[in-house]
Amino acid sequence: MDLIHPTDQAGVVEAMRAATTVGMRMRIVGGRQHMDTGATGEIGTELWTTALDRVVAYDPAEMLCVVEGGMRLGDLRALLADGGQEWPVDEAGSATVGGVIAADAALPRQLRVGCLRDTVVEMTFVTGDGRRIRSGARTVKNVTGYDLHRLLTGSLGTLGVITQIALKVRPLPKATRTLVTREGGIELASLLLDACPLPAAVVAEHDRVLVRLEGWPEEVAEQARLANEVAVLAEDDPAAWREPPFADATTVARAAVVPSRLAACVEGYERYRALLGVGYVWIPCDDEQALGQLRERAASLGGIAPVVRGPGGVGAADPVTVAIGGRLKAAFDPANILDPGRAWSA
Amino acid sequence: MVDLDRVRRDLEAVLGPAAVVDDPLERRLYARDASLVEGAAGLLVFPTSADEVAAAMRVAHDHGLPVVPRGSGTGLAGGATPLNDALVIVTTKMRRILDVRPQDRLAWVEPGVFNLDLANHLAPTGFTYAPDPSSQQVSSIGGNVNTNAGGPHCLAYGVTSAHVLALDVVLPDGTRVRIGAEGPAAPGYDLRGIVVGSEGTLGVVTAACVRLTPIAPAVRTMLLDFARVDDCAATVSSIVGRGVVPAALEMMDRGIVRAVEAFAHAGYPTDAAAVLLVEVDGLEAAVAAQAREVEAAAHDHGVGTVRVAADDIERALLWKGRKSAFGAIARIAPHYHLHDCVVPRTRLTDVLVGVYAIAQRHDLIVTNVFHAGDGNLHPLFSFDLSVPGTLERVLAAADEVVRLCVEAGGALSGEHGIGLEKRDFMPLVFTGEDLDAQACVRAAFDPDGRMNPHKVLPAGARCGDFAAAALARAGVLPEGTWI
């Protein structure tokens with residue numbers, strides 16, 4: 001495998017221009033956390049973004065932070081913590097900012113912090129043929145033209161290299177608590193979600209439910225009291241809810257269904273991790289057949305089940321969405337060198 | 001040359017004669033939105049369903065006719081102003097709330113539903129639709145989606161895009177597609193995120209799946225007054241610095257406070273240089289803690305009085321003052337021009353001082369009421385158009401306001417959009433290459449350029465043939481090239 005490791009954004013422009021000219025296929029790589037999502041086998045060359053790790057601007061009073069795409073989440077966390085703030089993405093510290101944006105990572109605390117896609121307010125990216133494009137603005141609100149940064153979010157490195165981003169950040173919670181039940185299941189988790197107002201997360205597994213509380217100290221105490229009226233809760237390891245699920249499994253799919261269909265989605269599965277009130281559920285699949293069955297079930301519930309670890313790709317989309325996507329791909333990566341095939345099938 | 005008689009016959013054949021209007025007076029009424037720009041409407045159609053929208057779009061496609069979608073017409077940037085006798089598709093007769101599913105935290109609504117009607121309809125479920133533009137009594141969800149509308153409560157809850165899960169869209173050739181998903185993730189690129197805020201240039205939204213937000217169990221609304229504008233602005237940053245993100249953080253200057261007080265009698269202090277309307281919400285325990293921090297921040301900056309709404313009636317009265325601002329200014333002069341730009345929160349005072357200087361230079365009355373927490377300014381110039389030369393002064397001042405905000409590191413629009421009014425300012429904030437890339441997005445949805453033409457992107461922005469350019473450099477077309 002060949003490696004390109006640019007040290008600045010101009011280097012990315014140069015690399016992409018050259019790659020398009022000779023038709024060299026390339027995979028954009030950050031912290032290697034989402035390598036399997038949608039991937040279809042080996043690509044000859046990797047472009048590493050990890051040397052693009054500068055802080056461009058950070059003033060806590062603006063609640064915005066501008067960094068380069070290769071910055072590691074661990075470094076960003078430390079920077080923001082000094083300002084009493086956070087970017088609420090709970091991925092590994094070795095993940096890169098650009099990588100988790102390109103993968104549109106799920107935020108376990110979505111009920112409290114919203115979606116990742118709404119935290120990206122400005123982006124600079126380099127297209128497959130080396131054009132450096134900026135969209136959005138360094139303001140928390142902005143309706144100025146087409147939000148290309150939204151298109152790049154979740155694009156899995158197929159439209160361009162995310163080189164710089166302005167992130168909307170938030171104050172660190174004053175208090176946090178993670179509680180765990182002795183029993184599991186969607187039903188118990190639903191009761192907890194209803195009983196406990198404004199939790200950060202209610203995570204259901206087959207043998208336990210994790211309740212993550214965040215906020216002002218008095219608020220967290222009140223939430224814990226209300227949750228305790230529904231189930232026996234013990235304090236848990238504060239990091240348990242954010243560990244990647246099923247580290248032992250070769251294939252893990254992340255289904256996405258409406259929240260009320262989570263129970264139907266996990267029925268019959270021995271192991272799962274579901275985000276109540278959100279609709280994500282991680283399920284390990286032993287083989288292709290098991291994955292196929294899960295996808296059928298998700299589809300019957302109006303959802304999807306892309307693979308996030310192991311082989312299997314992301315799945316199918318409707319033909320009109322795929323056709324518009326094809327035209328966008330042609331415009332931003334005209335030589336089709338950015339991870340061709342890493343896409344939703346029609 | 002388009003044969004409008006034939007178009008009308010074809011439209012009547014699919015929609016029925018009553019849904020197609022070519023009366024000159026009606027067409028004149030639909031020749032503009034709430035901006036200062038007037039255009040020219042061709043035929044008007046009033047579909048009642050997605051099928052009818054698709055049928056009308058196919059007729060327009062067959063005749064090569066430009067199309068302008070329109071909701072309530074409250075837009076302030078000319079986005080819904082038709083040009084060159086375009087077909088206007090008015091969605092105001094699509095007013096059904098289709099499905100409310102609190103258990104999934106979503107609702108499906110047609111585009112003509114008024115924003116406030118939706119919030120009121122949802123209230124008994126314990127949920128709400130969070131974006132609340134000041135026009136919410138009459139602005140429609142379809143228009144809100146197309147302008148990515150904001151509102152006072154977007155500081156904590158986010159703008160429209162954060163509250164739209166999926167959209168049913170009719171594309172310019174009449175094809176129907178659902179983009180986004182009811183669940184937390186959708187297949188393919190995030191086309192939903194592109195269509196929200198696209199100002200009717202990519203297709204017609206025929207239904208929106210919106211996110212329901214739990215209504216906070218407790219809320220506290222406070223009015224703070226200051227003898228100095230810079231103390232008021234500094235309090236905004238200080239509140240944020242204390243780790244509080246209020247549900248709303250609105251600032252009003254003396255001019256607007258006086259106009260509002262004479263109109264709404266909300267008990268606003270008319271001697272203050274500026275006031276802040278602050279709302280915090282959440283669990284009662286969190287509300288108390290946040291209110292404490294807000295008061296402390298205000299005292300650090302020499303607040304005059306802190307008035308806390310004692311009950312829902314007083315709270316409604318304080319908000320009435322804020323939300324009736326644009327009605328109240330009719331007392332100042334017969335016409336107004338409302339601006340919308342965003343600057344970094346820390347530059348609010350500088351920009352405000354600059355706005356006052358611009359008004360003075362052009363002999364205009366300016367008042368300010370804005371979303372201070374977001375850095376979203378709304379300078380409001382009041383004037384009388386019957387005085388010769390006034391419009392020229394207003395437009396010259398508008399130009400300077402835009403440049404002032406951009407120089408302060410801001411954006412052209414926070415929530416009203418680009419439309420026609422700000423289209424030619426786009427090169428101030430984007431390079432030609434940036435704008436060409438945006439044109440590619442438009443072309444991916446609308447290759448013929450018939451959807452709301454001439455809006456958003458300035459003349460000259462176009463999606464080039466990048467594949468051909470790559471080929472010219474390479475000499476051969478790489479394998480698998482998309483054409």
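In this predicted model, helices α8(B) and α13(B) cross in the right-handed sense. The complex carries an ipTM of 0.96 and a pTM of 0.96 from the predictor. The points below cover this helix pair, the domains of chain B, a sheet in chain A and the confidence of the prediction.

**Helix packing in chain B**

- Two packed helices are described by the angle between their axes and the distance between the axes.
- For helix α8 (residues 229-241) and helix α13 (residues 348-361) of chain B, the packing angle is about 145° and the axes are 9 Å apart.
- On the α8(B) side, the contact is made by Val229(B), Asp230(B), Ala233(B) and Val236(B); their counterparts in α13(B) are Leu348(B), Thr349(B) and Leu352(B).
- By class, five residues of this contact between α8(B) and α13(B) are nonpolar, one is polar and one is charged.

**Domains of chain B**

- The domain assignment divides chain B into domain 1 (4-90), domain 2 (97-214), domain 3 (218-325) and domain 4 (332-421).
- Between domain 1 of chain B and domain 4 of chain B, the C-alpha centres are separated by 31 Å.
- These two domains touch: nine residues of domain 1 of chain B are in contact with ten residues of domain 4 of chain B.
- The side of domain 1 of chain B that touches domain 4 of chain B consists of four nonpolar and five polar residues, with no charged residues.

**The sheet in chain A**

- Strands of a sheet pair through backbone hydrogen bonds, either parallel or antiparallel.
- In chain A, three strands form an open sheet in the order β1-β3-β2, and their pairing is parallel.
- Strands β1 (2-4) and β2 (26-29) of chain A are at the edges and have a single partner strand each, so one side of each is without a neighbour in the sheet.
- From one strand to the next, the twist of this sheet averages 25°.
- Three bridges join β1(A) to strand β3 (residues 45-48) of chain A in the parallel sense.
- Within this pair of strands, Asp2(A) lies opposite Thr45(A) of β3(A).

**Confidence in chain B**

- Chain B has a mean pLDDT of 93, with 96% of its residues at 70 or more.
- Residues 476-483 of chain B have a pLDDT below 50; in the model, this stretch makes 20 contacts beyond near neighbours in sequence.
- Where pLDDT is low, the predicted coordinates should not be read in detail.

Technical notes
Residues numbered from 1 in each chain as written. Chains lettered and ligands numbered in written order. Predicted model: local features only at pLDDT ≥ 70, side-chain atom pairs only at ≥ 80, totals over all residues. Domains from an automatic or database assignment. Contact = placed C-beta atoms within 7 Å. Nonpolar A, V, L, I, M, F, W, Y, C, P; charged D, E, K, R; others polar. Pairing = 2+ DSSP bridges. Helix = DSSP H or I, 4+ residues; strand = E, 2+ residues; numbered from the N terminus. Axes fitted to C-alpha atoms, helices over the stretch in contact; angles between N-to-C directions. pLDDT = per-residue confidence, 0-100. Left-handed = near helix turned anticlockwise from the far one by under 90°.
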